[in-house]
Amino acid sequence: MLKRNYNTMRPAFSNVINTQEYLKNKIKEIDQELIDIRNEKNPRLRAEITQNLLSERKKYLLRLASVKEDNIKSIHHPYNRAYKEPFHFFKIPLIKRRPRSLIKKTIDGETYVKELTEYINFQGIELNVTYYGGELGDPDRVVWFAVMNNGIRHLEFVKEFGWIPYSRTDIARDAGLGEKRASHVSKCLEKLRLTDVKFKTPFGGFAYKGAFHMIDTIQTIGAKDLRARVKKIIESKHPVADKVLIEQAQEILGGIKPRTPKLNLISYHRNLMDAIIANHITTVDYWSVNKFSDVGEKNLYLYFYDIAQWYKSDTPKKISLPELMVLADLKLHIRKAKGKEYPEWKRAKDQIEAFLKSVDSEAKFILYWEWIGEKENTWLHIYLNKDARQIPAAPQR
């Protein structure tokens, strides 16, 4: 049996002990003990120790987040991104204008599926992506947004239960797809689950820790069983101390339609939960995103939205025209004349300019921009509001 003295585990608040390395090691020790305690045969003792370990892990995590933030802010530089959760849908051009489906071939009565692979090199980030369910398109992104926002909005509920119930109709509605496309939600979640991301570094390749989209598991449960399970837990809570949790649970249960037979139970990856608890991410204003008609507009809006959260310099953010084309999923047109080929860089620049004007009409974090250079050496210098605030949790319906 695992034995620990919890009182002796509280570190003194000193500059020597309260360091990032110390706190990281403590979190690793607790993670190992969470694995070891699984061998405890007494279920009640196992549950009690597990709960204590998770509570202690959260305390160290919050303290580590605070130390990281203080250390970064003590250094004079314009970047605070080191302690932000890396949202790939913002930084990496994974969302395609016309996503390709899986290639299926039938040979001698046997059907073979060839997965889609892609190498991406964008803004110094190199990765290999394998789409086992097909490339990702805009519907996959807004479904992900809906699930993320709903979980963050009901954070106390998610922290208590480890999952959040969600019907396909609700996801379709919140994602702006329309309730008639509820059946499409399952396909989107499946495509996300079957997308494999591997980063390349000078020290070799590594897979992202957990699912890159941060959705851990998706299960189903009957609405009646769900109500009984949640109510049993809520009735044991203190009405004052757990007021927010109780209110969120009542809202979730109250939103289940009477004739709903089953719901999805969506759990979030621990990395995402750690970031949410440490207040390192916010929800995304996908109501603004859905106002744009083109994938390129949405990609640019989200990319510069993310930068505006951490880029605190008075100098402009610079990004090349070829990189902007990759981000907006645009192809360079080649004009042929008299046996020669002429890349139409001006046409590409005009397309990006049109996207930027559309984004600027909705975004509140862009001050102004200018173009420097010509042809493939054209650079966008964009000035962002360095005081741009991250948006709060999504408003309740």
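**Close-up views of a predicted model**

**Figure 1. Contacts across the chain of this predicted model.** Take the contacts between residues at least 6 apart in sequence: 69% of them join residues at least 24 apart. The chain has 397 residues, and buried residues make up 45% of them. Its secondary structure comes to 14 helices and 14 strands.

**Figure 2. Arg-141 and its polar contact with Asn-299.** Arg-141 sits in helix α4, which spans residues 138-153. Its relative accessibility is 0%, so Arg-141 counts as buried. The side chain of Arg-141 makes a polar contact of 2.5 Å with the side chain of Asn-299.

**Figure 3. The contact of α4 with α7.** Helix α7 covers residues 182-193. The axes of α4 and α7 come within 9 Å and cross at roughly 90 degrees. The two helices are therefore roughly perpendicular to each other. From α4, the contact uses Pro-139, Asp-140, Val-143, Trp-144 and Val-147. From α7 come His-184, Val-185, Cys-188, Leu-189, Lys-191 and Leu-192. By class, this contact has 8 nonpolar, 1 polar and 2 charged residues.

Figure 4. Helix α12 runs over residues 295-310, and helix α13 over residues 321-328. Their axes lie 8 Å apart, at an angle of about 115 degrees. α12 and α13 are therefore roughly perpendicular to each other.

**Figure 5. Ala-223 and the residues it touches.** Ala-223 belongs to helix α8, residues 223-234. Its relative accessible area is 7%; under 20% counts as buried, so Ala-223 is buried. Leaving out residues up to four places away in sequence, Ala-223 touches Ile-256, Thr-260, Pro-261, Lys-262 and Leu-263. Lys-257 is 34 residues from Ala-223 in sequence. In space, the two are 9.1 Å apart, C-alpha to C-alpha.

Key. Residues are numbered from 1 along each chain as its sequence is written. This is a predicted model: local features need pLDDT of at least 70, side-chain atom pairs count only at pLDDT 80 or more; totals for chains, interfaces and linings use all residues. Side-chain values use heavy atoms; hydrogens and water are left out. Helices (H or I, at least four residues) and strands (E, at least two) are DSSP runs, numbered from the N terminus. Buried means under 20% relative accessible area, exposed over 50%, partly exposed in between (1.4 Å probe, protein chains only). A polar contact is a pair of N or O atoms within 3.5 Å; within protein, one must be able to donate a hydrogen and the other to accept it, and residues adjacent in sequence count only if both atoms are side-chain atoms. Contact means heavy atoms within 4.5 Å. Axes are lines fitted to C-alpha atoms, for helices over the stretch in contact, and angles run from 0 to 180 degrees between N-to-C directions. Angles under 35 degrees count as roughly parallel, over 145 as roughly antiparallel, 65 to 115 as roughly perpendicular and the rest as oblique. Ala, Val, Leu, Ile, Met, Phe, Trp, Tyr, Cys and Pro count as nonpolar, Asp, Glu, Lys and Arg as charged, and the others, Gly among them, as polar.
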